[in-house]
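Work through the exercises below with the model open. Try each task before reading its solution.

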Amino acid sequence: QERSNYLGRARMVQDRLPDNFLLFLSDIEIENNDRHQVLHNYMWENVFLPAQDYIDESPDIFQAYIDEAVDIVKNPDASVELNVVAQHLTIKYVMRALFDIEVTDPQLLTLNALFFEGGEGNFLGNAMQPFAQREDNEDVRANYEFFVNLVATTSPIVLAYEPSTESKNLTRYEYADLLFSSAGIAGFLGLGVLSTSILTVLPSDYPVDVNNSTDVLLTVLETARINPPVNNINFILQEARSFTIRGEEVEFPAGTIVAASIGLASVDPNRFPDPLTFDSTRPNLKQDMLNFNGIGFNPEGAGKRLCIGRNVAISMATDLLVALRS
């Protein structure tokens, strides 16, 4: 893979994102620089594994977030958009799981504006061409830095952090910046899409045995197949290849950076027959799914390129599905 200054299909103003943002650090491995792998592994061992333990050991805390969202969804008098319910749930769940921070209502609205809403207040919009203004948006920067400081000064996992060679000697603020940007850009957005899909894409009459954890998991994976949380992955052509563009064959040389559509691949009828029909019993679902930045589904959830927040996302999505159908 190589991303250059792209986030999926979006061309970014790279200096408006953290210096140690993992998606961009992956490029330097081409030069035999191990910074991406070291930080990836450090976050996996010291943040995401403990987060999963926290979820497993404190189910009441996280179930309360789920139940609050489900109560809103099931309330016939509630006039709220389902995607907003999913976004708020995701923000609360991720901030608590990773940082043990219970966000206030004003903080929740600010985080939602930073990562989900369009307009000038959006963190990614402020860093995305051609929408980014010539000057960095001061309000966006101030809001973003407020939450980095909140993580750096109140999160137990960050307060316990000490710079070392195992973390490439990041300062505590740099570490908080890396973690919060990862939580926001990958965690909020990706899990926000998945949880919204649980509420909107999964057919309401589709049978799910909520007492069967395998059935619940496969239903979530099929939901993610039909509407992938992340739609693109960038990679380098290892050899020259021709593509049909507007009806014409165009050849690209080896070394060209291209974006592959996970969304289109996930509804390829050659791999998934009758691809738009929701069917969690597909025999190749686990084997051929492309979500979470990897091919297939391994139970552990670890891997050099695999989304390190996958298990946290699966925990919330499966619990949400069970609560909805219970």
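This is a predicted model: local features need pLDDT of at least 70, side-chain atom pairs count only at pLDDT 80 or more; totals for chains, interfaces and linings use all residues.

Residues are numbered from 1 along each chain as its sequence is written, and side-chain values use heavy atoms, with hydrogens and water left out.

**Exercise 1. Lys168**

Task: Find the salt-bridge partner of Lys168 and describe the setting of both residues.

Solution: 
- Start with the rule: a salt bridge is a side-chain nitrogen of Lys or Arg within 4 Å of a carboxyl oxygen of Asp or Glu.
- Asp34 meets it, with closest N and O atoms 2.8 Å from each other.
- Asp34 sits in the loop between helix H1 (22-25) and helix H2 (35-57), Lys168 in the loop between H7 and H8, and 134 residues separate them. Helices (H or I, at least four residues) and strands (E, at least two) are DSSP runs, numbered from the N terminus.
- Check exposure. Buried means under 20% relative accessible area, exposed over 50%, partly exposed in between (1.4 Å probe, protein chains only).
- Lys168 is partly exposed because its relative accessible area is 26%. Asp34 is partly exposed at 37%.
- Finish with the backbone. Lys168 is not a glycine, yet its phi is positive, about 55 degrees. Asn169, also not a glycine, has a positive phi of about 55 degrees.

**Exercise 2. Glu68 and Lys92**

Task: Which helices does the salt bridge between Glu68 and Lys92 tie together?

Solution: 
- The closest N and O atoms of Glu68 and Lys92 are 2.9 Å apart.
- Glu68 belongs to helix H3 (residues 59-74) and Lys92 to helix H4 (residues 82-99), so the bridge ties parts 24 residues apart in sequence.
- Compare the ends. Glu68 is partly exposed at 38%. Lys92 is buried at 15%.

**Exercise 3. Arg96**

Task: Trace the salt-bridge network that contains Arg96.

Solution: 
- Arg96 bridges to Asp100, with closest N and O atoms 3.0 Å apart.
- Arg96 counts as buried because its relative accessibility is 13%. Asp100 is partly exposed at 37%.
- For context, the whole structure holds 8 salt bridges.

**Exercise 4. The hairpin**

Task: How do strands S5 and S6 pair?

Solution: 
- Two strands pair if DSSP finds at least two bridges between them.
- S5 (residues 241-245) and S6 (residues 248-252) have 5 bridges, in the antiparallel sense.
- Arg241 stands opposite Phe252 in S6.
- The hairpin has 2 residues between its strands, and Arg246 in the turn has a positive phi of about 55 degrees.
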